[in-house]
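The sequence and the structure come before the text.

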Amino acid sequence: MGFVFPGWPHSYCYYHLKQNLISKYPKSGYGKLLQDRVINLFSRCTYAVTEEDFTVAMEELVIVGSSKVKTFISDLSRDHYANAYFKGMRYGEMANSLAESFNNWVGVFRDLPVLPLIERIRQKLMVLNSQRRIEAEKWTTILCLEMETRLWENAEAGRTWVVRRSSFTVFEVFADYFVMVDLEQRTCSCCLWQIDGFPCTHVVAAILAKKDSIYDYVECYYRTDFFRKAYESPIFPTPDIGKGLGSNSFTTGVVLPPITKRPARRPPKLLVNLKGH
């Protein structure tokens with residue numbers, strides 16, 4: 001379980017489009033190879049960060065997938081599944097299998113009647129909320145641990161890159177190719193910053209050249225204090241005492257294991273036949 005980011009409709013659409021594409025090809029032999037090729041090309045279209053990259057990947061996808069793919073994608077809105085056309089930020093979330101994750105997380109409670117099911121979910125959420133709150137209190141970093149690591153990996157990767165200043169907030173960064181970074185508009189010509197809201201390696205190199213704090217250019221959703229706020233309000237227990245006998249409807253339909261008593265005599269030993277007979 002985790003956050004549902006603002007870009008979830010986009011990732012939900014991508015997930016189901018991919019499943020629909022898979023269903024159009026046989027699952028064995030050449031059909032399986034073609035299926036894998038089509039899915040890889042569709043993923044390239046989805047993850048492409050510029051319209052030019054998207055167009056190149058889409059042309060190849062249509063050629064490989066033939067009429068099946070062409071018919072399938074002809075009426076699809078690109079902003080529903082492609083990075084290059086999505087209007088907004090996804091914060092690094094692409095695939096959304098929230099329903100499947102939730103079912104696995106709930107586990108055997110799925111088979112309970114509605115009211116007991118709700119109560120078991122409340123209990124699990126109460127424990128999860130408490131665990132994450134306690135865990136976050138131990139963090140000493142400004143960003144959540146994973147994002148803090150990623151930030152300084154970006155800083156290390158761009159340490160030897162050439163950074164040239166154009167104006168007070170605009171920089172040219174050269175690694176294997178030239179990109180333009182505008183710190184005021186929060187854009188990079190590689191487009192990764194605009195998609196994730198997290199400084200890419202080019203942006204980090206420009207920020208360090210400007211001698212600004214890198215943290216000032218990271219979206220608040222990645223910060224430790226934001227994570228703590230998400231779990232700062234506890235989920236309280238709902239005790240049965242005071243409800244009166246027979247009023248605990250949450251246990252209705254739940255069969256508890258029988259109460260057993262250990263017999264007074266010594267339990268019999270299990271004899272093992274060493275000869276295997």
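## Helices H5 and H9

The model described here is predicted. Helices H5 and H9 are roughly antiparallel to each other, because their axes cross at roughly 150° and angles over 145 degrees fall in that class. H5 covers residues 114–137 and H9 covers residues 224–231. Their axes come within 9 Å, and the crossing of H5 past H9 is left-handed.

On the H5 side, the contact is made by Asn129, Arg132, Arg133, Ala136 and Glu137. H9 contributes Thr224, Phe227, Arg228, Ala230 and Tyr231. By class, the residues of this contact are 4 nonpolar, 2 polar and 4 charged.

## Overall composition

The protein chain has 277 residues, and buried residues make up 34% of them. Its secondary structure consists of 9 helices and 4 strands. Along the sequence these elements follow the pattern α-α-α-α-α-α-β-β-β-β-α-α-α.

## Arg120 in H5

Is Arg120 buried or exposed? Arg120 lies in helix H5 and has a relative accessibility of 18%. Arg120 therefore counts as buried, since the cut-off is under 20%.

Arg120 can also be placed relative to Val106. The two residues are 14 residues apart in sequence, and their C-alpha atoms are 8.3 Å apart in space.

## The sheet

The 4 strands form an open sheet with antiparallel pairing, in the order E1-E2-E3-E4. E1 and E4 are the edge strands, each pairing on one side only. E4 spans 187–188.

E1 (residues 162–165) and E2 (residues 170–174) are antiparallel and share 4 bridges. Two bridge pairs can be named here: Val162 is partnered by Phe174 in E2, and Arg164 is partnered by Glu172 in E2.

How many bridges join E2 to E3? There are 5 bridges between E2 and E3, and the two strands run antiparallel. Glu172, the partner of Arg164, also stands opposite Met180 in E3. A hairpin through 3 residues joins E2 to E3.

E3 (residues 178–182) then pairs with E4, again in the antiparallel sense, over 2 bridges. In this pairing Asp182 has Thr187 in E4 as its bridge partner.

## Helix H8 on the sheet

Which strands does H8 lie across? H8 lies across E1, E2, E3 and E4, and runs at about 120° to E2. The helix comprises residues 201–210, and His202 is part of it.

His202 has a relative accessibility of 7% and so counts as buried. Setting aside neighbours within four places in sequence, the contacts of His202 are Trp161, Val173, Tyr177, Val179, Val181, Cys188 and Cys190. Of these, Val173 falls within the residue range of E2, Val179 and Val181 fall within that of E3, and Cys188 falls within that of E4.

## Helices H6 and H8

H8 also packs against H6, which is formed by residues 145–157. The axes of H6 and H8 are 8 Å apart, at an angle of about 75°. The two helices are therefore roughly perpendicular to each other, because that class runs from 65 to 115 degrees.

From H6, Leu151, Asn154, Ala155 and Ala157 take part in the contact. Their counterparts in H8 are Thr201, Val204 and Leu208. The residues of the contact divide into 5 nonpolar and 2 polar, with no charged residue among them.

Methods: Residues are numbered from 1 along each chain as its sequence is written. This is a predicted model: local features need pLDDT of at least 70, side-chain atom pairs count only at pLDDT 80 or more; totals for chains, interfaces and linings use all residues. Side-chain values use heavy atoms; hydrogens and water are left out. Axes are lines fitted to C-alpha atoms, for helices over the stretch in contact, and angles run from 0 to 180 degrees between N-to-C directions. Angles under 35 degrees count as roughly parallel, over 145 as roughly antiparallel, 65 to 115 as roughly perpendicular and the rest as oblique. A crossing is left-handed if the near helix is turned anticlockwise from the far one by less than a right angle, and right-handed if clockwise. Contact means heavy atoms within 4.5 Å. Ala, Val, Leu, Ile, Met, Phe, Trp, Tyr, Cys and Pro count as nonpolar, Asp, Glu, Lys and Arg as charged, and the others, Gly among them, as polar. Buried means under 20% relative accessible area, exposed over 50%, partly exposed in between (1.4 Å probe, protein chains only). Two strands pair if DSSP finds at least two bridges between them.
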